[in-house]
Amino acid sequence: MNINEYEYSNFSQNGEDGIIEFLSRKIINNDKHFVEIGSGNGLENNSTNLVLNNWSGVVCDKPSNIHLYKRLIKIIQPKKEIQHVSAMISLKNIKEITNIINDKNITFLSLDIDSYDFFIMLEILKQGILPKIICVEYNSFFGKEPLTVKYIENFQRNSIDDKRGLYFGASLKAWKILFKKY
């Protein structure tokens with residue numbers, strides 16, 4: 001089986017919608033509950049397609065994106081209630097978010113905030129929140145070593161690499177080490 005054969009995108013960037021659907025069909029007792037941290041405006045993310053397939057969940061992003069996400073959901077799925085956390089995600093407020101999602105049986109968690117994602121995921125896992133499926137973005141420009149950006153409050157991915165914005169996130173090896181630990 002080649003999982004890439006299941007890729008398709010309705011709202012995802014790189015075929016994640018199909019892979020998420022494929023993996024979630026394999027789960028026994030799938031509660032169809034998601035959490036997406038870094039949901040954007042809803043037009044390009046990993047949760048909007050789930051909403052269309054009768055999932056419930058929590059989306060987190062900065063206030064301007066949450067406002068647009070709410071408007072989109074009202075258009076495409078007007079009766080669906082999705083919980084929203086409107087904030088710039090940081091280590092200062094991740095505890096508030098984990099308190100909201102801690103009592104949920106999370107099938108799918110997506111984290112993509114283009115910054116200190118590794119540190120946010122570490123805090124989520126430390127709280128004992130262990131989703132059945134996790135989707136994170138890795139930075140291939142970091143190479144094969146276990147690397148992550150330094151945690152800086154109000155991180156801006158263009159602050160160090162102002163031309164290309166390639167300083168963000170963590171390497172694949174760093175993610176593997178973290179997930180193996182938990």
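These are my notebook entries on one protein chain, looked up as a predicted model.

**Ground rules**

I number residues from 1 along each chain as its sequence is written, and for side-chain values I use heavy atoms, with hydrogens and water left out. As the model is predicted, I need pLDDT of at least 70 for local features and 80 or more for side-chain atom pairs, while totals for chains, interfaces and linings use all residues.

**Entry 1: the whole chain**

I started with the elements and found six helices and five strands. Helices here are DSSP runs of H or I with at least four residues, strands are runs of E with at least two, and both are numbered from the N terminus. Along the sequence I read α-β-α-β-α-β-α-β-α-β-α.

Next I checked the overall size. The C-alpha atoms fill a box of roughly 45 × 40 × 35 Å along the principal axes. The radius of gyration is 16 Å, which agrees with the value near 16 Å for a compact globule of 182 residues. That radius is taken over C-alpha atoms, and the globule rule is 2.2 Å times the number of residues to the power 0.38.

I also looked up burial: 45% of the 182 residues count as buried. Buried means under 20% relative accessible area, exposed means over 50%, and partly exposed is in between (1.4 Å probe, protein chains only).

Then I turned to contacts, meaning heavy atoms within 4.5 Å. Among those between residues at least 6 apart in sequence, 68% join residues at least 24 apart.

**Entry 2: helix H4**

Which residues of H4 are buried? In this helix (residues 94-101) I found Ile94, Ile97, Thr98 and Ile101. They sit on the same side of H4, because they cover an arc of only 100° around the axis. The arc is that of the directions from the helix axis to the C-beta atoms. I noted the general rule as well: an α-helix has 3.6 residues a turn, so residues three or four places apart point the same way.

The cover over the buried residues of H4 includes strand S1, strand S2 (56-61), strand S3 (83-86) and helix H5.

**Entry 3: helix H6**

In H6 (residues 172-181), my buried list is Ala174, Trp175 and Leu178. Their arc around the axis is only 95°, so they share one side of H6. These buried residues pack against strand S4 (108-111), helix H5 (117-126) and strand S5 (133-136). On the face turned away from the buried side I found the exposed residues Lys176 and Lys180.

**Entry 4: Gly38**

I found Gly38 in the loop between strand S1 (33-37) and helix H2 (48-52). Is Gly38 buried or exposed? Its relative accessible area is 14%, so Gly38 is buried. Leaving out residues up to four places away in sequence, Gly38 touches Cys60, Asp61, Asp112 and Ile113.

Most residues other than glycine have a negative phi. I looked up two residues that go the other way. Asn29 is not a glycine, but its phi is positive, about 60°. Lys32 also has a positive phi, near 50°.

Asn29 lies in the loop between helix H1 (16-25) and S1, and Lys32 is found in the loop between H1 and S1. I noted Asn29 as exposed because its relative accessible area is 63%. Lys32, at 37%, counts as partly exposed.
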